[in-house]
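Subject: A structure for you to look at

Hello,

Here is the structure I promised to pass on. Please open it beside this message, and my notes will follow below.

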Amino acid sequence: MKSMFFITGTDTGVGKTVFTALLAGYLRGRGLRVAALKPLCSGGRDDARSLHAVLGGVLTLDEINPWHFRAALAPLLAASREHRMVRLAEVRAHILAIQKKFDVTMVEGAGGLLSPLGKDFDSRDLLVALRAMPIIVAQNKLGVVNHLRLTLAALPKSTSARAKIVLMAPSKPEAATATNLQLLSQFFPKKQMFTLPRLPENFVPAQALGQPLIRKTLRVLSQF
């Protein structure tokens with residue numbers, strides 16, 4: 001059975017691409033055919049290039065990231081500056097066409113869940129249209145409980161109930177870093193929440209996957 005994960009976050013810069021690359025590398029290591037897409041990005045294509053590298057050439061950069069814009073703004077505004085418009089139907093069609101060739105398809109959103117992506121749609125609309133399994137990535141620091149509750153509350157209840165949460169360790173751990181998981185368990189099932197350690201800025205997925213704790217976390221998280 002084909003599976004699809006949609007990776008979104010509580011904000012921009014929380015570690016969505018790091019997580020997507022890790023999970024893609026792990027699943028490929030299990031012998032699965034994996035696609036990792038960043039359909040829209042703005043302000044550079046570094047995220048898409050990271051996914052291209054971890055996939056080993058099974059997709060071109062333009063297949064991974066068909067819509068890219070120069071300005072470091074929400075994709076809707078960045079596209080507008082270039083007199084371009086992206087519609088939900090064409091993004092969905094591209095993803096579904098790619099999905100046909102793979103066992104697992106991973107779709108990374110841009111920014112947070114409600115950041116505008118294109119004409120009248122955001123990551124939430126795309127996630128729901130794809131009927132994908134949501135994975136919400138967040139920085140494990142003070143304030144994340146509020147951000148996660150707001151993000152999950154913005155999803156349809158049936159979608160929110162299936163969501164998985166990934167807390168990424170911050171560069172400087174705080175007191176909240178050690179307590180957030182326990183606090184969040186009052187609101188969400190603990191079996192749907194996961195933590196990952198801090199990785200260096202230019203980490204190599206293959207090396208990170210050599211850590212038993214990371215492999216174990218990804219194994220449990222990706223069960224489908």
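In which strand is the place of V137? V137 sits in strand β8, which covers residues 133–139. Helices and strands here are DSSP runs numbered from the N terminus, with at least four residues of H or I for a helix and at least two of E for a strand.

Before going further, a word on how to read everything: this is a predicted model, in which local features need pLDDT of at least 70, side-chain atom pairs count only at pLDDT 80 or more, and totals for chains, interfaces and linings use all residues. Residues are numbered from 1 along each chain as its sequence is written, and side-chain values use heavy atoms, with hydrogens and water left out.

The chain as a whole

The secondary structure comes to eleven helices and ten strands. A compact globule of 224 residues would have a radius of gyration near 17 Å, and the 16 Å of this chain agrees with that. The radius is taken over C-alpha atoms, and the globule rule is 2.2 Å times the number of residues to the power 0.38. Along its principal axes, the C-alpha trace spans about 45 × 35 × 35 Å.

Of the 224 residues, 50% are buried. Buried means under 20% relative accessible area, exposed means over 50%, and partly exposed lies in between (1.4 Å probe, protein chains only). The accessible surface is about 11,000 Å², and carbon and sulfur atoms account for 53% of that surface. These areas come from the Shrake-Rupley method with a 1.4 Å probe, and for residues only the protein chains shown count as cover.

Contact means heavy atoms within 4.5 Å. Among contacts between residues at least 6 apart in sequence, 75% join residues at least 24 apart.

Back to V137

V137 counts as buried because its relative accessible area is 0%. Leaving aside neighbours within four places in sequence, V137 is in contact with I7, T8, G9, T10, V14, G15, K16, F19, V166 and M168. V18 is 119 residues away from V137 along the chain, yet the C-alpha atoms of the two are separated by 9.9 Å.

The strands around β5

Strand β5 runs over residues 104–108, and five of its five residues are buried. In a regular strand the side chains alternate between the two faces of the sheet. In β5, V104, M106 and E108 point one way while T105 and V107 point the other, and all are buried.

Two strands pair if DSSP finds at least two bridges between them. Strand β1 (residues 3–9) runs parallel to β5 and is joined to it by five bridges; F5 has M106 as its bridge partner there. Strand β2 (residues 34–37) is also parallel to β5, with four bridges between them, and L37 stands opposite V107.

The strands around β9

Strand β9, residues 164–168, is mostly covered, with five of its five residues buried. K164, V166 and M168 lie on one side and I165 and L167 on the other. β8 pairs with β9 in the parallel sense over five bridges, and A138 stands opposite L167. β9 also pairs in the parallel sense with strand β10 (residues 193–196), over four bridges; here V166 stands opposite F194.

Some loop residues

Two loop residues are buried. R45, in the loop between β3 (40–42) and α2 (46–54), has 12% relative accessibility and so counts as buried. Not counting residues up to four places away in sequence, R45 touches L61, D62, N65 and H68. Q192, in the loop between α9 (180–184) and β10, is buried at a relative accessible area of 18%.

Most residues other than glycine have a negative phi. H83, which is not a glycine, has a positive phi of about 60 degrees. H83 is found in the loop between α4 (75–81) and α5 (88–99) and is exposed, with a relative accessible area of 77%. R131 also has a positive phi, near 55 degrees. The place of R131 is in the loop between α6 (123–130) and β8, and at 76% relative accessibility R131 counts as exposed.

Enjoy looking around,

Best wishes
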